[in-house]
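Hi,

Here is the structure I promised to pass on. Have a look at it first, and then read my notes below.

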Amino acid sequence: MSHHLWHRPRTAEADGTGHGSHKVSFSDSSKSSKLDSSRPSTNNSRPTSPRLLSPRGDRLLSPRGDKDKDRPRSQQLWSDNRAWQRVNRQSEALWQESPSALSHNSPQPRPFLIYHDSFLNLLGPSPTLSLLISDPRAPYFHEAGVFHPATNTLFITSNRIPDTSPDAVTTQNKTIVITKVEFFSPTDFTRDKVRCPERNYMANGGTNFRDGLILCAQGSLREPSGLIYMEAKRPHKTTTLLNNYHGRPFNSPNDVVVHSDGSIWFTDPIYGYEQGFRPKPQLPQHVYRFDPSTGDIRVVADGFGRPNGICFAPNEETCYITDTDFMHGDGTKVHSRPATVYAYSVYWTNDQPYLTNRRVFAYADTGAPDGIKCDVYGNVYAGCGDGINVWNSGGMLVGKILIEGGCANFCFGRNGEMWCFGEHKLWRVKLGDETRGALLGV
C-alpha cells in the first residue's frame with residue numbers, strides 16, 4: 001500500500017491587492033478582418049493544418065528567370081539567398097530604430113519573418129506587434145501566461161526578484177510575484193499583483209484548470225515543490241494538489257498542461273537547485289502524469305538535460321516537450337547541449353496513456369525553446385532567444401515573430417491574439433482572427 005499519494009488539499013486565501021494598481025491605455029492599429037479563401041475551413045470537424053507548398057517543388061526551387069517576377073515574394077526569397085539576407089538586414093534595422101519609437105501610442109514594427117507561404121495564412125492580412133507594458137523595475141513578465149476567458153484576465157509569473165524580507169532567506173533572498181492583467185478591451189486594461197500567503201512557492205509555469213488555473217510551485221529550501229490550484233477570482237484561494245512522488249520531493253516543476261481526460265502533465269527540471277533555493281535533487285529530471293481523480297502519479301518520460309515546456313497537439317495524439325539544457329540555472333550556456341523540441345506519440349493501454357516514439361522535432365537556432373504551444377491547426381510555437389518560432393506539424397520552420405530580447409513564454413487569447421513575455425516587457429501580437437491556441441476553448 002502506497003503511503004504517499006497526494007497531499008491532502010489545504011486552502012489559503014490571498015488578499016488580491018497589489019502595489020499601485022494602474023490603468024494603461026494605448027492605441028493599436030490592428031484591425032479584425034476575414035482571412036482570404038486560402039484559410040482552412042472552420043467547421044465542426046477537427047481542423048487540419050494549412051496547405052503547405054512542397055519545398056521540393058520545381059516552381060519553388062527553380063533558378064531565377066523571367067517568371068520570378070510573378071511568383072510570391074516568399075518563394076523568391078527561397079531561390080535567392082541574397083534577397084533573404086537583405087530582408088534579414090532590413091528587419092534588424094527596424095529593431096535598431098525601434099527603442100526610440102516604442103510607446104503606448106503607436107504600433108511596433110512588423111518583424112514577421114516568412115520561411116514558408118503557409119505562415120502567411122496564420123498571420124492574416126494585417127498582423128501587428130505592440131508593446132503593452134515596459135517596466136524597468138523588475139522582470140515581471142517571465143512565465144506561466146494563463147488567459148482566463150470568463151474574466152478576461154491574463155496571469156503572468158515573474159522571474160526571480162530581490163526580496164529582503166526574513167522569509168526570503170529560504171529562496172536566496174529572491175521571490176516571484178504573479179501579475180494579473182484584466183482587459184476591458186484590447187487597448188484598455190488594469191494591472192495588479194496577486195498576493196498569496198504561500199509566498200515562497202516560487203510559481204513558474206501555469207495552465208487553465210476547471211474554473212481557475214494550475215501553477216507549478218518550485219518550492220524553496222523549506223516549502224515543498226509541486227502543483228497548486230489557484231482560483232481566478234478574488235480572493236484567489238489556493239489549494240495544494242500534489243507535492244511529492246511516493247514520498248520523495250520533486251525538484252522544481254517548471255511547466256504544466258492538462259489533458260482532456262482531466263490528467264495533469266508537468267516537467268520537473270533541477271533549476272531550483274541550481275539557483276540555490278531548492279535542496280539537492282532526490283529524483284531524476286522527469287516528466288510526470290498526475291490524475292487528480294485517483295491520486296495516481298507516474299513518470300511518462302525521462303532522458304532530458306533540462307525538461308521544460310510541454311503541450312499536446314490538437315488531437316492529443318502527439319506530446320511536445322522542450323529540453324533547455326543549453327542553459328543551466330547558474331546562467332552558463334553551452335551550445336553543444338540540447339536546445340531541442342522532442343515529439344512523442346501518445347498511445348493507450350488499459351485505458352492509460354503513455355509516451356513512445358521519441359524523436360527530434362526541431363532545434364532552435366537562437367537560444368533555447370522554452371514555453372511551447374500548438375494552434376488549432378497543429379502548428380507548434382515556442383518561445384526562443386529571438387522571439388516566437390513557428391513550425392508546422394512536420395517540423396518545418398515556417399516563420400518567426402521577432403521580439404526584442406527574446407521571449408521565454410507566451411499565451412494565446414481570442415481571435416488571433418497572443419501575449420508574449422520579455423521579462424521587463426509585455427507584448428501583444430495580433431495574428432489572423434482564426435489563428436487560435438489549441439485545446440483552450442476560446
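Which charged end sits over the ring of Y342? That would be R358, whose charged end is 3.8 Å from the ring centre. The rule here is that NZ of Lys or CZ of Arg must be within 6 Å of the ring centre and within 35 degrees of the ring normal. K373 does this too, with its charged end over the ring of F410, 4.9 Å from the centre.

Before you go on, a word on where this comes from: it is a predicted model, so local features need pLDDT of at least 70 and side-chain atom pairs count only at pLDDT 80 or more, while totals for chains, interfaces and linings use all residues. Residues are numbered from 1 along each chain as its sequence is written, and side-chain values use heavy atoms, with hydrogens and water left out.

Now the rings. A pair of aromatic rings is described by the distance of the centres and the angle of the planes. Rings of Phe, Tyr and Trp (its six-membered ring) pair if their centres lie within 6.5 Å, and planes under 30 degrees apart count as stacked, over 60 as edge-to-face and the rest as tilted. The structure holds 16 such pairs. One of them is F304 with Y344, which is tilted because the planes are at 50°, with the centres 6.4 Å apart. F304 is in the loop between β18 (296-301) and β19 (307-312), and Y344 is in strand β21 (residues 340-349), 40 residues apart. (Strands are DSSP runs of E, at least two residues, numbered from the N terminus.) F304 counts as buried at 10% relative accessibility, and Y344 is buried at 5%; buried means under 20% relative accessible area, exposed over 50%, partly exposed in between (1.4 Å probe, protein chains only).

Y320 and F361 make an edge-to-face pair, 4.9 Å centre to centre with 65° between the planes. Y320 lies in strand β20 (residues 318-323) and F361 in strand β22 (residues 352-363), so this pair ties together parts 41 residues apart in sequence. Both Y320 and F361 are buried. There's also an aromatic cluster made of F147, F183, F189 and W419.

Last stop, β13 (residues 226-231): five of its six residues are buried. Strand β12 (residues 212-217) pairs with β13 in the antiparallel sense over six bridges, where pairing needs at least two DSSP bridges between the strands. β13 also pairs with strand β14 (residues 238-242), again antiparallel, over four bridges. In the hairpin of β13 and β14, H236 takes a positive phi near 60°.

Cheers
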